[in-house]
Each structure stands twice: as C-alpha cells, then as structure tokens.
Amino acid sequence: MNLALFDLDHTLLPIDSDNEWGNFLVRTGLIDGAQYASRNAAFYEQYKAGTLDAVEYLEFALGTLSKFPRSQLDQLHLQFMEEVIKPAILPSVLTLLQQHRDAGDLVAIVTATNYFIAKPIADALGVEHLIAAMPELDAEGNVTGKLDGTPTLGAGKLTHTHAWLEKLGKQLGQFERSYFYSDSHNDIPLMSVVTHPVATNPNAALSAHASIHGWPSLHLFND
C-alpha cells in the first residue's frame, strides 16, 4: 500500500470552498456582503504573502457557521453542494483519485478548510479520510465559532498527518511511495517529506520551488 495525500482547494477543486461558502451566504442574504468581502479580501492577501494568522482566519470562517443552528447549517450545506461544489468537480480529478484507489493506495485529503465545509466535499469525491481544521461544537452540536485544536495549515498539515497516521498504526516512512498533491507554496512543509510531491495547478511560488527541486507539475483544470 502506498499513500496519496491531496490538498483540496485549487488542487482537487478549481475554487476555494471556504471563500465560496461565504459568497454563497452573501448571495442568499444570510450575512452582510460588504463586511464579509472586506475581511475576506484582507485574509486572502495575507495568505498569498505567507503572513496569514491561521487561527484568526479560521475563526473568521467558523464565525459564518456559528450564526445558524446545526439543522439549518446542514440544509444550507446541501444547497451549497448542489449549486457550487458539484458543478466544480471535474472528471480529471475523479480519474486521478480513482487511479490511486485502484492501485490500493491509502487516500486522504489534507486541507486547511474546516471540517464542516470539507467533509461533504470529501464524500462527493469518494475520499474516506479527511484531515481538516476542526470547529468547536457545543453540547447540541452547534458550531461555536472557535477552532478546536490547531490549524491544518502549512507545517500544521505535517503535524496533523503524522498524528492521523499514528492513529492508523502507520508512519510516513513505512510507505514505499507517498504522494502529496498541492497547488500552494504554503504546503511545502508536507510536500518536502513525501517521496513524490506533485505541484498541482501550482501558484507562482510553488511552481518556482518545484522547478528548482525537480518536482513534477500537474495541471488538472486545463480542459
């Protein structure tokens, strides 16, 4: 068995699911559009610059979830999946995932996006294992707006991946071949420790790093 890890946004999806969730809530009139857009744009610039405070951003994103009871959230996410996510899932992505499943690989998504947003997407992609930022829940299962644990961003992805493998009784070094597909330079810490990093739809910073280190590039969204 080999290991195949995938980032989510701009890697398996040609969109950012966190950002699209906020846009979805704005379109449906459930949150203030101007306020959301201003803060989200500032966070995105920090992300591109590599200066993002992951906890601050995640609690901003989780704040959009805390406004609604869980039953309403679940219904909203069903609508979000139908209107936004499913139309964005491309055959090239499904083919790549199926190739790894057919090979008997252990497949997981490792994303900085929070678990509530990401889990139904992972299910739609046919990926059982998901490593994602965990929202804090109250006794009734409602999202409080706080992060439970540490972010799954940058070096945090490496830490959480090691912890997940340990729960399965495995270690990264036990795999003859380990893959991590990502679009972002923020994921270089995890990409640097697998045997087969793949710069997937890479941004400029990752593309340059991949070229220097001889990492292959893959473009899933060209067709």
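**Helices α1 and α4**

Me: Within what distance do the axes of α1 and helix α4 (residues 70-85) come, and at roughly what angle do they cross?

Reply: In this predicted model, local features need pLDDT of at least 70 and side-chain atom pairs pLDDT 80 or more, whereas totals for chains, interfaces and linings use all residues. Residues are numbered from 1 along each chain, and side-chain values use heavy atoms, without hydrogens or water. Helices are DSSP runs (H or I, at least four residues) numbered from the N terminus, and axes are lines fitted to C-alpha atoms over the stretch in contact, with angles from 0 to 180 degrees between N-to-C directions. The axes of α1 and α4 come within 11 Å and cross at roughly 110 degrees.

Me: How are α1 and α4 oriented to each other?

Reply: The crossing angle is roughly 110 degrees. Angles of 65 to 115 degrees count as roughly perpendicular, so α1 and α4 are roughly perpendicular.

Me: Which residues of α4 does α1 meet?

Reply: Contact means heavy atoms within 4.5 Å. From α1, the residues are S17, E20, W21, F24, L25 and R27. By class, the contact has eight nonpolar, three polar and three charged residues (charged: Asp, Glu, Lys, Arg; nonpolar: Ala, Val, Leu, Ile, Met, Phe, Trp, Tyr, Cys, Pro; polar: the others, Gly among them). In α4, the partners are L73, L76, H77, Q79, F80, E83, V84 and I85.

Me: Is L78 buried or exposed?

Reply: L78 lies in helix α4. Its relative accessible area is 52%. Buried means under 20%, exposed over 50% and partly exposed in between, with a 1.4 Å probe and protein chains only, so L78 is exposed.

Me: What distance separates the C-alpha atoms of L78 and H160?

Reply: Along the chain, L78 and H160 are 82 residues apart. Their C-alpha atoms are separated by 28 Å.

Notes
Helix = DSSP H or I, 4+ residues; strand = E, 2+ residues; numbered from the N terminus. Parallel < 35°, antiparallel > 145°, perpendicular 65-115°, else oblique.
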